[in-house]
Amino acid sequence: QHGQENTDLEDLQDRSSGGAAPEEALMLQLRRAVQEVVKQSSWWERRGEDCCILGAAFLLLPPAFLLLGSAHLPGLCAGVLLMGVAHAVITIKGAHLASHGGLSQSRAWARVWAVFFIEVCGCFPAQAAVQAHVQMHHAHTNVLGLGDSSLWKLPFLPRAVYLFVAPLALPVITPLVALGRGRRGAAAGSRTVAMMALGLLSQYWLLVRVSGFRAPGALLCMLLCRALFSIPYIHVNVFQHVGLPVFSPSRRPRRILQMSHGVLNLHRIPLLDWTFGHSLISCHVEHHLFPFLSDHMCLKVKPVVSRFLMEKQLPYQEDGYLSRLRLFYRRYQELMVLAPPITELVGVQ
């Protein structure tokens, strides 16, 4: 059994033969440059730093539960903030790394971590998450009808409701969608329901026993903590793909063109970079080009990738969070309601 560490390096190696197209040759050059950085990196850089951040998130939980039992408003608010941050790190950063098998060298342990972070903590079927995110979104980034981020579009909602109100319902919608998917397969569905129940009931029990909440208050606190980062979570998912070139399934570009044109990095925001992970915020282009790299490694190879794309006169797209928010608010009808136009990279491909 090959380790995940070896898989990371194998994924960067060239699988093409001679006579490759110019775009494939460029992707090969970039793979080799990134592979050199990965080979020279320590375990701490490859996985250790991200595992440490996840561990710190779990260490925030005991003081969070204690502060939530405070009779004073500042202590209660501090408890909500700590638990909200911990929940975001665990269910967004942790679940995202787990979906890519990025938390362990062992494939067996990678599956265990996927079930724990995605199902127990995130209340969603691990298999469905991997299929939707890795097998569809990454394999078919911005390809119409496959990985074009249409999943995130709700054209019947007004822009203000979609951008600032609807995301708050994610803690309720996510387990309901998971239950709907759970009916499709008996064995996997039963496990998912059991894992979701374990996660939800554990948090509820601790809020009642440790924090001193009664039933309605415990449920409200769970909803508030789980929704704390839901608005930027929805924003990030649409800002980095929607509004960029969309490709036809029959005339999709080569990988390096597809990712350089169809993916955007947000400028670094320390809070979101550390809670969501660099690969979801400031290194999203790097993540789509090399999805098996950890968050820290995406940050480390960022100068290599950006310099290479710019030297080869390919797009390296970056924008600020507030800039994208203003764009989506101003052009909501065009970007989130109407069908996107197909982009043909004429003269490039």
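Helices here (H or I, at least four residues) and strands (E, at least two) are DSSP runs, numbered from the N terminus. Before I use that, two remarks on the source. This is a predicted model, in which local features need pLDDT of at least 70 and side-chain atom pairs count only at pLDDT 80 or more, while totals for chains, interfaces and linings use all residues. Residues are numbered from 1 along each chain as its sequence is written, and side-chain values use heavy atoms, with hydrogens and water left out.

Start with the record. The unreviewed UniProt entry places the feature "transmembrane region" at residues 51–67, 73–92, 112–130, 160–179 and 186–207. UniProt positions are given in the numbering used here, feature names are shortened, and annotations may be inferred rather than shown by experiment. How do two of those stretches look in the model? Residues 73–92 are 100% helix and 0% strand, with the end C-alpha atoms 28 Å apart. Over residues 112–130 the chain is 79% helix and 0% strand, and there the end C-alpha atoms are 13 Å apart.

Next, the charged pairs. A salt bridge here is a side-chain nitrogen of Lys or Arg within 4 Å of a carboxyl oxygen of Asp or Glu. By this rule the count comes to seven. One of them joins the side chains of D50 and K93, at 2.7 Å from N to O. D50 sits in helix α3 (residues 43–59) and K93 in helix α5 (residues 73–99), so this pair ties together parts 43 residues apart in sequence.

Are these two residues buried or exposed? Buried means under 20% relative accessible area, exposed over 50%, and partly exposed in between, with a 1.4 Å probe and protein chains only. D50 is buried at 3%, and K93 is buried at 1%.

K93 also forms a salt bridge with D295, again with 2.7 Å from N to O. D295 lies in helix α16 and K93 in helix α5, so that pair ties together parts 202 residues apart in sequence. D295 is buried, with a relative accessible area of 0%.

Another salt bridge pairs R191 with E119, the closest N and O atoms being 2.6 Å apart. R191 is in helix α10 (residues 186–209) and E119 in helix α6 (residues 107–121), so parts 72 residues apart in sequence are tied together. R191 is partly exposed at 36%, whereas E119 is buried at 0%. Salt bridges that share partners join D50, K93 and D295 into one network.

H296 is in helix α16 (residues 295–311) and is buried, at 15% relative accessible area. Leaving out residues up to four places away in sequence, H296 touches E45, E49, D50 and H278, where contact means heavy atoms within 4.5 Å.

Last, the surface. V172, L176, L179, V193, L220 and L223 make a nonpolar patch of about 510 Å². Helices α9 (170–182) and α11 (215–227) are the elements that give two or more residues to this patch. Patch residues have over 30% relative accessible area and no salt bridge; like charges are joined within 9 Å, and nonpolar side chains (Val, Leu, Ile, Met, Phe, Trp, Tyr) within 5 Å. L223, in helix α11, is partly exposed at 34%.

Terms used:
Areas by Shrake-Rupley, 256 points an atom, 1.4 Å probe, with all protein chains shown as cover.
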